[in-house]
Amino acid sequence: ARAALRGPRPLAPRRLARALQPQGDRDPAPRRRQLPPEGRYLLSGASDGSAAVFDLKDATEYEAGFIAKHRSILLVDRQHQHGHKFTVSKAIWYPVDTGLFVTASFDNYVKVWDTNSTQVVMDFKMPGKVYSAAMSPIATTHMLIATGSADVQVRLCDIASGAFTHTLSGHHDGIMSLEWSTSSEWILMSGGCDGAIRFWDIRRAGCFLILDQLRSQLGRRPPIIDSTTDNHQKNLGRSSSSKSYSVQQRTGNHKKQSKGLRKSLTMVRGHTQQKVHPGMSSSQNRKTAHYGAVTGLRTTTDGMHLLSSGSDSRLRLWDIDSGCNTLVNFEAMRLQTSKPLQLAVTDDPSLVFIPCMSSIKAYNTWSGTTFQTFRGHYDHVNCCYYNSQDQVSFPSIVLC
Amino acid sequence: NLDGHTSLEDNLIFSDTLIALQLMRTQFPKLEKVVTQPFILQSQLYSSVKDRTQVDRDLESLKKDRVLRVFKLNTGQDDHAIMFMDDYLKQMESAVRRSKGKNQDCSEVFEWFEKYVLPSKLDVSIDHLELCSLLSHGGDARDKHITLLMNAGLLTRQLIDPNMYWFSIPSIGPILKGLTQGRKEVLSLLNRRKYKEMLLSSLEKTRLRLSPLDVRFHLRDLIGSGQIKTVQTATGLLARVSTD
């Protein structure tokens, strides 16, 4: 299941276990934790086709004195006239307020619901199972839902008009994960079953960056003040035959790219030929971020780094601006390979949380060392969300 | 401390990637039926050096310094083998000799490969266009040249993408088969035990039936890939099957 927490800031969706009325149980600490009034409503979607909203602030009952149980305050399931028929793979709040929420399901539909009347306001039919849906948390000029399905194109659905506005082509297989940029309302990142992560500027055609796992840099780049040491490091990391496409690439101090660069922009050699706009990556480009499907994407709140999980059981941390793999190695883990995963990152981004089979592992973002493992679920964990708004005690991670 | 036989327990952790690689290279099992130069699996490296991120970064610099090459194997989704450059060139030499022995046609492609492709392409894979353009530096490169490289075992292709060639270690096929089977055998040995664990020292003495590689090779690999965990006990290191 998928779930989303609502607060003054746009919150990310999350998935819940298959139970209809899941327990919102946190780790049984002797103190009661209070969530501030914002960050209060949790939205979740389940594999039985239902979506539910929970109030995290007021528990409906307490068990054994300190385990809080929360019953859903709103539930739409298969019995509902317009409910989903199959697994709800993603449930997200409308970024502006809790008046609307969006659900995406394996029944090929993406539905927009009015929370108060619990009715479907509009729906969008996709050509295949919908794996992911996302809305930009910082959008002020558009109300687009980016959806990824088993089909190779990312579709943008507009709530304002009820129609599809764009399709983004380039992936060679279905799209399992989507993430909007936290620094620009026009930039979308998609992770496909073909192992590629593509960056799209929705105002233009084509994608402008494809992450390549073989293109690496040693470590995260220091802030601009230290740019002299930074360039030296980048030179070390630059492979002699790398092809770079990004217009955002920093030009200037570092070594000129190999002549392979110009060749990648206009591929006239060979029987396959495709003209590309300068700065755009063609769909012929087969660079991969993972050896397998990209199952999860999460960007840091400062918009500088991107975390990706793949079905090759690797987690990679990317420097968004340079498009390089920082080579941080997150210790061995086995990840679920066929389902989209929801990852979480703390705000300063010091820790990342990954659902890993039946536990959640927290890793130190920059060194990749395991910080802690949270065990308590009886079955596979699909998603996790980090709630940083809890100021009373330590921030809680709502697990599912 | 490089005496004849050293226990795995005493030689599990190293502080430096290059030292770990060199030591594991000397400990590469002596194979009876196949003659091959030593190689080290990336997972084995992870089991021997604490900081994995540092390992990845060191590997990256060693690759760029052309001290070693990394190869993607087809035994698992993220399996990689590391070979020192000299060993790889020796392995290539024997493969080339075998190929020339069968057929002298187009064998100039091997010189082109060694002279133009290897020094400039340090990654694990190369696409068709780039391969052709690099080989063309030596002469008129045709499809039959590429076929010869593939037949000699220097390049392979995967079904997913016909345009992409992967560098491979020639004549390594039977060893890889042993790798997969040996992994299963070691894991089943542990899984059959009541608590799915065994002392490392007794595990090391086992002889495997299905793999030409020794137990220590497989143990390093399985520990590094996270399938086996080691636990320190009063009687020594214990190997246990990993649950999560």
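At what angle do the axes of helix 8 (residues 173-191) of chain B and helix 10 (residues 215-224) of chain B cross? The legends below refer to a predicted model.

**View 1. Crossing of helix 8 and helix 10 of chain B.** The two helix axes cross at roughly 80° and come within 10 Å of each other. Because angles of 65 to 115 degrees count as roughly perpendicular, helix 8 of chain B and helix 10 of chain B are described as roughly perpendicular to each other.

**View 2. Residues in contact between helix 8 and helix 10 of chain B.** Helix 8 of chain B contributes B:G178, B:L179, B:G182, B:R183, B:V186 and B:L187. Their counterparts in helix 10 of chain B are B:F217, B:H218, B:L219, B:D221 and B:L222. Classified by type, this contact comprises six nonpolar, three polar and two charged residues.

**View 3. Domain 1 and domain 2 of chain B.** The domain assignment places residues 1-170 in domain 1 and residues 172-241 in domain 2. The C-alpha centres of these two domains of chain B are 25 Å apart. At their interface, 29 residues of domain 1 are in contact with 23 residues of domain 2. The two domains bury about 2,300 Å² between them, with 64% of this area on carbon and sulfur atoms.

View 4. For residues 287-328 of chain A, the content is 0% helix and 45% strand, with the end C-alpha atoms 19 Å apart.

How values were computed
Residues are numbered from 1 along each chain as its sequence is written. Chains are lettered from A and ligands numbered from 1 in the order in which they are written. This is a predicted model: local features need pLDDT of at least 70, side-chain atom pairs count only at pLDDT 80 or more; totals for chains, interfaces and linings use all residues. Side-chain values use heavy atoms; hydrogens and water are left out. Helices (H or I, at least four residues) and strands (E, at least two) are DSSP runs, numbered from the N terminus. Axes are lines fitted to C-alpha atoms, for helices over the stretch in contact, and angles run from 0 to 180 degrees between N-to-C directions. Angles under 35 degrees count as roughly parallel, over 145 as roughly antiparallel, 65 to 115 as roughly perpendicular and the rest as oblique. Contact means heavy atoms within 4.5 Å. Ala, Val, Leu, Ile, Met, Phe, Trp, Tyr, Cys and Pro count as nonpolar, Asp, Glu, Lys and Arg as charged, and the others, Gly among them, as polar. Domain bounds come from an automatic or database domain assignment. Buried area is the accessible area (1.4 Å probe) that two parts lose on being put together, summed over both.
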